[in-house]
Amino acid sequence: IADTEAFLMKNAKVKLCLQASQMDGNLLLEDCNPESDFQDWSWQGHSLMNHGTRSCLSVVGADRVQTSLCGSVGYTSWDCSNSLLSPLGSSQGYLVANRKGVAVSNVKGLKAQWQDAADRSVCEEKAEQDRHFLAALASTDVYDHTAGNATLALGISEEELEKLLWFFRREDPSAWNYSVLALSFVALILGLLLLAINVVRNRKRKIHTYGEALQTTQEAELEAKQGLMSVEEYSPAKLGKEELVPQDGRLGDVVVQWKDGTVTSLYTES
């Protein structure tokens, strides 16, 4: 199925074949050359792939047609009916030949009809490719090249085979790409939120640590001041002054200590 037969895409009006550019994604109308890989096309599901560039026929913008990577966001699926090719799922028009090459237009004449080298419709090529595909699905036997006998290769039911083919089908991956983009955006927002929370917590932690250090310093200074006050209260100088007061006074004596340090009795003994 992967090696589907290639065919030329010849326009019924100008009798030239569609050729993909080797340098860029542009399309040209050249004389038909079956030996050129850049004029070989094949149906891959609903896509038209060029064998020379390994890229698919796609619509860009309103009416411009070129080749792009198969499976990318910009590639196009095609509907084929009565030799007319139109973008699948849209009403843009049909693939037509013009002076510049090819484009999408609403014209339905010979310019919009595409044939192979045997003047058969490219739609017949698609129908034949679909028949080969269905025949491959219906058969569970393959040829054993080493033994030369037909043997059962898969050994699975048709329902499981259909599930596998559904899993590996080729379709527009736009939904998947947009989902991955949305998840990346959510992850970015979550990372920025976690970063902001971490910054705020670090700042609060530093402020708390600084406050504890300041409080510890203040308590140490207060304890030092209290120690100095205690030393001053019990200094020897102060104790010497207190000892200047006579301790052997008798009951009823009134003693006065003057500024010059002398101590006298207020009432002398009669």
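**Disulfides and a nonpolar patch in a predicted model**

In this predicted model, C80 and C123 form a disulfide, with their sulfur atoms 1.9 Å apart.

Reader: Which parts of the chain does the pair of C80 and C123 tie together, and how many residues apart are they in sequence?

Author: C80 lies in strand β8, whereas C123 belongs to helix α1, which covers residues 122-138. Both cysteines are buried, and the torsion of -90° about their S-S bond makes the link left-handed. The pair therefore ties a strand to a helix across a sequence separation of 43 residues.

Reader: What handedness does the link of C56 and C70 have?

Author: The sulfur atoms of C56 and C70 lie 1.9 Å apart in a disulfide, which links strand β6 to the loop between β7 and β8. With 100° about the S-S bond, the link of C56 and C70 is right-handed.

Reader: Which helix holds L192, one of the residues of the nonpolar surface patch?

Author: The patch of about 680 Å² also includes F185, V186 and L188, and L192 itself is partly exposed, with a relative accessible area of 49%. An unreviewed UniProt entry lists residues 175-197 as a "transmembrane region", and that span is 100% helix in the model. L192 lies in the helix of residues 174-233, namely α3.

Key:
Residues numbered from 1 in each chain as written. Predicted model: local features only at pLDDT ≥ 70, side-chain atom pairs only at ≥ 80, totals over all residues. Heavy atoms only, no water. Patch = residues over 30% accessible without salt bridge, like charges linked within 9 Å, V, L, I, M, F, W, Y side chains within 5 Å. Areas by Shrake-Rupley, 256 points an atom, 1.4 Å probe, with all protein chains shown as cover. Salt bridge = Lys/Arg side-chain N within 4 Å of Asp/Glu carboxyl O. Helix = DSSP H or I, 4+ residues; strand = E, 2+ residues; numbered from the N terminus. Buried < 20%, exposed > 50% of the residue type's maximum accessible area, 1.4 Å probe, protein only. UniProt positions renumbered as here; feature names shortened; annotations may be inferred. Disulfide = S-S within 2.5 Å.
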